[in-house]
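Please consult the sequence and the structure alongside the text.

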Amino acid sequence: MTAPAVVLVGPMGVGKTTVGEILAERLGTVCRDTDQDVVETAGKPISEIFLDEGEPHFRELEREAVRTALAEHTGVLALGGGAVLAPETRQLLAGAPVVFLDMDVAEAVKRVGLDAPRPLLMMNPRKQWRELMDARRPLYTEVARAVVSTENRTPDEVAGEILDVLELKQK
């Protein structure tokens with residue numbers, strides 16, 4: 001059975017893709033980002049999908065992208081921040097080497113910024129981010145084999161901890 005070496009979950013701006021690329025390099029594999037898969041399938045940015053077709057359509061594309069990637073990809077896989085909202089996605093992640101990359105709201109504001117094109121953070125970003133995390137944190141924790149904080153750490157340091165906690169060997 002095909003399965004990713006590592007699956008990264010966590011909120012927007014936590015560094016899933018950046019850390020994923022470093023992990024992939026260290027493991028001698030490639031990183032795949034399901035948000036990028038959605039963009040390629042839809043032929044437009046996620047913010048435009050939200051505006052043109054709405055969040056339910058985006059979530060449908062996201063579920064399909066995650067299902068496909070989990071079935072095909074053997075490298076490092078970075079999931080979109082809301083992918084864990086779907087019960088079927090959480091079920092597919094059961095038993096997978098999932099790492100929840102965590103950070104607090106102050107760090108999120110520094111990383112994501114207040115004017116970034118994030119459709120779910122359009123109004124009052126700090127409040128929206130807190131509400132998203134209140135809803136999602138239990139889901140991230142449910143699917144995670146390990147939780148790694150990214151606060152005040154470089155992506156290299158985070159990647160190193162992931163290799164340690166999952167007991168993976170660098171190539």
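Which residue takes a positive phi just after H8? Glu-167 does, with a phi of about 55 degrees. The model is predicted: local features need pLDDT of at least 70 and side-chain atom pairs count only at pLDDT 80 or more, whereas totals for chains, interfaces and linings use all residues. Residues are numbered from 1 along each chain as its sequence is written, and side-chain values use heavy atoms, with hydrogens and water left out.

**Overall architecture**

- The chain has eight helices and five strands; helices (H or I, at least four residues) and strands (E, at least two) are DSSP runs, numbered from the N terminus.
- Read from the N terminus, the order of elements is β-α-β-α-α-α-β-α-β-α-α-β-α.
- Of the 171 residues, 48% count as buried, where buried means under 20% relative accessible area, exposed over 50% and partly exposed in between (1.4 Å probe, protein chains only).
- The chain exposes about 8700 Å², of which carbon and sulfur atoms supply 50%; accessible areas come from the Shrake-Rupley method with a 1.4 Å probe, and for residues only the protein chains shown count as cover.
- Among contacts with a separation of 6 or more, 74% join residues 24 or more positions apart; contact means heavy atoms within 4.5 Å.

**Nonpolar cores**

- A nonpolar core is a set of buried Ala, Val, Leu, Ile, Met, Phe, Trp, Tyr and Cys residues joined through side-chain atoms within 4.5 Å.
- The largest such core has 37 residues, and those with the most contacts inside it are Val-6, Leu-8, Val-9, Leu-23, Val-99, Leu-101 and Ile-162.
- Two or more residues of this core come from each of E1 (6–9), H1 (16–27), H4, E3 (76–78), E4 (98–102), H7 (125–143), E5 and H8.
- Another core, of seven residues, lies apart from it and includes Val-38, Phe-58, Leu-61 and Ala-65.

- Val-158, Ala-159, Gly-160, Ile-162 and Leu-163 are buried in H8.
- The cover over the buried residues of H8 includes E1, H1, E4 and E5.

**Contact of H3 with H4**

- The axes of H3 (residues 46–53) and H4 (residues 55–72) come within 7 Å and cross at roughly 130 degrees; axes are lines fitted to C-alpha atoms, for helices over the stretch in contact, and angles run from 0 to 180 degrees between N-to-C directions.
- H3 is therefore oblique to H4, since angles under 35 degrees count as roughly parallel, over 145 as roughly antiparallel, 65 to 115 as roughly perpendicular and the rest as oblique.
- Ile-46, Ile-49, Phe-50 and Glu-53 of H3 meet Glu-55, His-57, Phe-58, Arg-59 and Leu-61 of H4.

**Thr-89**

- Thr-89 is placed in H5 (residues 87–93) and counts as buried because its relative accessibility is 1%.
- Leaving aside neighbours within four places in sequence, Thr-89 is in contact with Arg-63, Val-66 and Ala-83.

**Positive phi**

- Most residues other than glycine have a negative phi.
- Asn-152, in the loop between E5 (146–149) and H8 (155–165), has a positive phi of about 55 degrees although it is not a glycine.
- Asn-152 counts as exposed because its relative accessibility is 67%.
- Glu-167, in the segment after H8, is exposed, with a relative accessible area of 68%.
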